Amino acid sequence: YPAAPFQLWEECTDTEITLYWKHRNKQIELFCQTEVLHPDGKVELHNSSDTHLPYSSITLGGLQPYTEYTARVHCGAAKHFWRWSEWSEPRTIRTKEATPSGKLDIWREITPVLGGWNVTLFWKQAPSFRANGRSISYEVTWEKVEGGSKPESISLSSVYNSTRISIDNHPYIISIMAKNNVNYSLPSVLIIPRATGNSRKTLFCSFLGTEELKEEQVNGTDDGIFISWEPRHIYDSYIIDWCNFPMLQPCDLQWKRFGPNTSSALINSAAFVPGVRYNFRIYGSVANRASLLEKKTGYLRELPPLRDPTVEVELTFNAVTLSWDSYLTNESQPGFIRGYHVYVSPIQEDCSLKGSKKHVLPDDSVLCKYTIENPEEKRYTVKHLLSNTKYKLAVKAYTGGGETPIVNFRYIDTPFNSNMLYLLVLLVIAPALVAAVCRWKMKWVKECCCPVIPSPNKSKVLSFKEFKIGSEKVLKISDCIPDVLAVDNKAEAQKL
């Protein structure tokens with residue numbers, strides 16, 4: 001069998017390699033095989049017939065520019081083949097540079113300033129983009145759409161993926177290109193529309209997502225956060241942007257593009273962690289102009305609130321009013337605040353208050369549980385309490401991730417019921433006091449309430465000269481001259 005090929009060399013273009021080698025068996029017609037190892041680990045075999053020249057060659061096409069390939073060759077007898085020769089020494093070859101292929105994926109964030117805008121531009125290499133060269137830089141150019149002004153541009157090295165420019169209120173066209181030692185890539189373009197007067201405010205709201213769009217809550221999964229939107233046929237693409245680290249200022253803006261027939265996406269990132277709220281803005285793009293369509297907010301997974309509300313207490317003898325006005329329900333929470341639970345119980349016994357539900361703690365003690373389902377409601381009154389009684393209570397906020405365990409209680413003492421005191425005074429003390437006074441002034445009371453009826457015999461009316469009929473005194477008619485005599489009954493008069 002033949003000896004191994006030796007002394008390999010090559011000639012390259014950006015997409016082809018012509019590989020040459022020498023062999024010792026010059027009198028034998030050989031059949032050779034070239035193995036090419038690609039950067040992704042793929043292996044290709046290419047067959048070729050040897051010639052009677054001092055060297056042999058093969059041309060390998062369809063390669064990527066500025067990419068390393070590893071090649072080696074072995075040969076066998078074209079006639080009466082028995083076995084392959086040993087492999088030649090492998091040779092690593094890099095194709096030549098070419099113009100960058102594809103476009104950069106670009107996006108922007110806009111901030112209003114006096115007289116115009118600050119535009120922060122971001123770019124990244126799209127999956128279809130290839131640098132095709134050793135040294136990459138970026139060229140950012142912006143000019144007014146109407147023309148009449150000289151374009152401005154800046155060049156940035158490969159270590160940058162964003163820059164900020166300032167423009168006035170005129171419409172601008174912005175383009176970003178990648179450049180290597182050969183040429184520029186095709187430009188990626190954004191258009192910033194004109195903003196004057198009231199339209200400036202509208203445009204700013206559209207840029208930043210601060211217009212009156214309802215922010216819809218979305219749910220996370222183990223794989224990411226699911227986003228859906230209502231498609232509009234006028235747009236040729238959709239863009240979703242968000243921040244991987246929303247607490248950083250400025251945040252690291254991220255974005256993804258989707259085709260015109262897409263209306264949902266699962267957004268995932270290695271930076272997403274449970275308990276952090278992520279805000280998503282959905283834009284529609286047509287002719288390189290983007291408009292805000294919807295806003296979403298959600299968590300990869302909600303967690304219980306970090307802390308309990310700070311509660312203020314107002315007491316009466318049979319009720320307690322709880323308020324926690326300063327409790328925040330914004331993005332600082334590790335989940336959406338869905339509402340509150342109020343727990344109440346007497347110290348000495350389990351709770352059975354009217355209108356409550358029983359809640360059993362791990363130690364088997366029972367609390368009364370009230371649920372407030374409106375997260376903006378931060379005041380609640382627990383009624384039907386007993387006066388002059390010691391209670392323990394707790395207020396817990398809950399999210400889609402639940403609530404933290406009840407560890408600390410607040411203790412209150414309901415005051416004594418003053419109405420009961422008044423009733424006691426009215427029903428017991430007052431009558432006793434009256435009885436005591438009556439007993440003390442018995443004679444006076446008796447004379448006031450039950451005077452002695454005087455005897456007629458002691459009346460002055462009968463103080464006349466006595467004329468007795470039997471034992472009774474008699475008043476003679478002649479002694480008394482009446483003014484009027486009235487007869488009440490005719491029968492009596494006739495009798496008289």
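Hi everyone, let's start with a space: the second largest pocket holds about 270 Å³. This is a predicted model, where local features need pLDDT of at least 70 and side-chain atom pairs count only at pLDDT 80 or more, while totals for chains, interfaces and linings use all residues. Residues are numbered from 1 along each chain as its sequence is written, and side-chain values use heavy atoms, with hydrogens and water left out.

A pocket here, on a 1 Å grid over the protein atoms alone, is an open set of points where a 1.4 Å probe fits, with protein on both sides within 12 Å along at least five of seven lines; lining residues have an atom within 4 Å of a point. The volume is the space filled by probe spheres set on the points, which are joined across faces, edges and corners.

So who lines it? Of the 20 lining residues of the second largest pocket, Leu104, Ser188, Val189, Arg257 and Asn288 are the closest to its centre. Strands S8 (104-113), S14 (188-192), S17 (237-243) and S21 (289-299) each give two or more residues to that lining; strands are DSSP runs of E, at least two residues, numbered from the N terminus. S8 gives the most, with 4 residues. Domain 2 (104-192) and domain 3 (215-299) each supply at least three lining residues, with domain bounds taken from an automatic or database assignment.

Next, disulfides, meaning pairs of cysteine sulfur atoms within 2.5 Å. The count is 3. One of them joins Cys32 to Cys75, S to S 2.0 Å. The pair links distant parts of the chain, with Cys32 in strand S3 (residues 30-37) and Cys75 in strand S6 (residues 68-77), 43 residues apart. This link is right-handed, with 100° about the S-S bond.

Now the rings. Phe, Tyr and Trp rings (the six-membered one for Trp) pair if their centres lie within 6.5 Å, and that gives 20 aromatic pairs. Ring pairs link Trp229, Tyr235, Tyr238 and Phe258 into a cluster. There are charges over rings too, where NZ of Lys or CZ of Arg is within 6 Å of the ring centre and within 35 degrees of the ring normal. Arg72 lies over the face of Trp87, at 4.3 Å from the ring centre, and Lys392 over the face of Phe409, at 4.8 Å.

Last, the backbone. Most residues other than glycine have a negative phi, and most peptide bonds are trans. Gln7, however, has a positive phi near 50°, and sits in strand S1 (residues 6-12). A cis peptide bond joins Gln249 and Pro250, with omega about -5°; Pro250 lies in the loop between S17 and strand S18 (253-258).

Terms used:
Phe/Tyr/Trp six-rings, centres within 6.5 Å; stacked < 30°, edge-to-face > 60°.
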